[in-house]
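User: Please examine the model shown below and answer some questions on its helices, its chain contact and selected residues.

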Amino acid sequence: MIAILIFGVSFLTLLQFFVSYSHSLIAESRGYDLSEQGREIAGVTGRIVRGDQFRRLLQLIAVCPEPGGDSGQVRAVSLYFGLLGLVRVLFGWIEPAVAGWIESERSGCAYLAAVMLDRRIAYNRVLMARQMSAQL
Amino acid sequence: MLGPVDYSLLLADLLVEVFCVVCLLRQKALSQHFTIVLYLCASIAIGIGRYGIISAAGFTSNAYLYFYFYSDALLTISLYFVLMSLYAKVFSEMGISKFVRGGAMLLLAGTAGISYHMVATSTDKLITHFVVELSQNLYFIGVLLTYLLWGAMMKMRENRTRLMQLVLTMGVYFSAFAGSYALGNMYPNLVLWRYVCHLMVMWLPLSWAYTFTKVRDDTRMATARVLASNR
C-alpha cells in the first residue's frame with residue numbers, strides 16, 4: 001500500500017519537476033540570439049521557430065559534433081516534445097485552447113533546438129579556425 | 001550475470017561523473033558548490049568499489065547486494081547535504097540556515113528510525129530489508145524536501161537560473177528514484193529497471209554539467225516563465 005502511494009506521488013512530482021525543468025531550459029534559451037549563419041542553416045526567420053521544425057533541427061544537431069555537456073538536455077527536450085505530442089493526441093480535440101498552448105510549447109522546444117544547433121555550429125567554427133591557423 | 005551492456009553503462013556512469021567534476025573544477029565552482037563535488041567524488045569512488053566487488057565476488061553475491069544498498073543509502077545522504085546547501089542558498093538572506101540544517105538532520109535521523117521500526121516489526125528481520133526500506137523512504141523524503149524548496153522558491157520569486165535548474169534536476173532525480181524503488185517493491189523481478197537505473201544515475205551529472213557550463217552564475221529568469229507556457 002505504501003509502495004503504491006509512494007509510486008503515485010513520485011510519478012506526479014516527476015512530471016511536474018520535468019515539465020518545469022524543460023520550461024526553464026526553454027526560457028533560458030529565449031535570451032540567446034541566433035546568429036545569422038545559425039538562422040540560415042536552421043531555416044529560421046524572426047524569433048519564432050515552428051514546432052514542426054523540431055525534428056529537422058534534431059537531425060541537424062545529430063550530425064554536428066557536440067562541444068560536450070548538452071547531449072542530455074537534447075534528450076530531455078526531445079522527451080518533453082514527445083510528451084506534448086502525446087497530450088495533443090489525447091486532449092487536443094477536447095479544447096482548441098489546449099492545441100494552441102501545445103503549439104506554443106512545441107515552438108519553444110524548436111527554438112531551444114535551434115539555439116543548441118547554433119552553439120554547436122559556433123563551436124565547430126572555432127575548432128576549424130584553430131585547425132586552419134595551426135596548419136599555417 | 002552482467003552483460004556487455006551493463007559494463008558499458010557502468011563505465012558510462014563513471015565517465016559522466018568524472019566529466020561533471022572536471023566541468024565544476026574548470027568553472028571554479030568548488031568552494032561555491034562543495035557538496036555537489038563531494039557527492040560526485042563519493043559516487044565515483046562507490047562506482048569503482050562496486051566494479052571491484054562485481055569482479056571479485058560476482059553480481060549475484062551477498063557482498064555486492066550489501067555494498068550496493070548501503071553505498072546507495074550513503075549517496076542519498078550525501079545528496080541530502082547537496083539539498084541542504086541549496087536550502088541555505090535560497091534562504092541565505094533570511095539568516096535561517098542553522099535551522100534548516102538542524103531540521104534536515106532531524107528529518108534524516110527520523111527517516112532512519114522509522115525505516116528501522118518498519119523492518120523490526122516485520123516477520124523477516126533481515127538487515128538488507130532495512131536498507132532497501134531506508135533507501136526508498138530517503139528518496140521519498142528527498143522528493144518532499146525538494147518540492148517544499150521549489151514551492152518556497154516560487155513563493156519568494158527566486159530568479160537565479162542556475163539555482164532553479166539545480167533544484168529542478170534534484171527533484172527529477174529524487175522522484176525518479178523514489179518511484180523506481182516503489183515499483184521495485186511492487187515488482188521485484190522487473191529486469192528493465194536495472195538498465196533504467198543506470199540511465200537515471202547519469203541524469204544528475206549530465207544536467208549539472210550543462211547548468212555549470214551553459215548557464216552563467218549571474219543569469220536571471222522570471223519565475224513565472226518556468227511555471228507558465230513559454231510564449
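This is a predicted model: local features need pLDDT of at least 70, side-chain atom pairs count only at pLDDT 80 or more; totals for chains, interfaces and linings use all residues.

Analyst: Residues are numbered from 1 along each chain as its sequence is written, and chains are lettered from A and ligands numbered from 1 in the order in which they are written.

User: How many helices and strands does chain B have?

Analyst: Helices (H or I, at least four residues) and strands (E, at least two) are DSSP runs, numbered from the N terminus. From the N terminus on, the elements of chain B run α-α-α-α-α-α-α-α. The totals for chain B are 8 helices and 0 strands.

User: What percentage of the 231 residues of chain B count as buried?

Analyst: A residue is buried if 20 or more other C-beta atoms lie within 10 Å of its own, exposed if 12 or fewer, and partly exposed in between, with C-beta atoms placed from the backbone. In H3(B), the buried residues include Asp72(B), Leu79(B), Tyr80(B), Leu83(B) and Val90(B). For chain B, the buried share of its 231 residues is 35%.

User: What distance does helix H3 of chain B reach from its first C-alpha to its last?

Analyst: Helix H3(B) covers residues 62–90 and has 29 residues. The expected span of a helix is 1.5 Å times one less than its number of residues. For H3(B) the expected value is 42 Å, and the span reached is close to it, at 42 Å.

User: Are H4(A) and H5(A) roughly parallel or roughly antiparallel to each other?

Analyst: The axes of H4(A) (residues 71–91) and H5(A) (residues 96–135) come within 10 Å and cross at roughly 165 degrees; axes are lines fitted to C-alpha atoms, for helices over the stretch in contact, and angles run from 0 to 180 degrees between N-to-C directions. Angles under 35 degrees count as roughly parallel, over 145 as roughly antiparallel, 65 to 115 as roughly perpendicular and the rest as oblique. H4(A) and H5(A) are therefore roughly antiparallel.

User: Which element gives the largest share of the side of chain A that touches chain B?

Analyst: The contact takes 26 residues from chain A and 34 residues from chain B, where two residues are in contact if their C-beta atoms, placed from the backbone, lie within 7 Å. On the side of chain A, the elements giving two or more residues are H1 (2–30), H4 and H5. The largest share, 18 residues, comes from H1(A).

User: At what angle do the axes of H1(A) and H6(B) cross?

Analyst: The axes of H1(A) and H6(B) come within 8 Å. Their arrangement is roughly antiparallel. The axes cross at roughly 155 degrees.

User: Which residues is Asn185(B) in contact with, leaving aside its neighbours within four places in sequence?

Analyst: Asn185(B) is found in helix H6 (residues 161–186) of chain B. Asn185(B) counts as partly exposed because it has 16 C-beta neighbours inside 10 Å. Leaving aside the neighbours within four places in sequence, the contacts of Asn185(B) are Ala3(A) and Gln136(B).

User: What distance separates the C-alpha atoms of Gln32(B) and Leu227(B)?

Analyst: Gln32(B) lies in the loop between H1 (4–26) and H2 (34–57) of chain B. With 14 other C-beta atoms within 10 Å, Gln32(B) is partly exposed. Gln32(B) and Leu227(B) are 195 residues apart along the chain, and their C-alpha atoms are separated by 27 Å.
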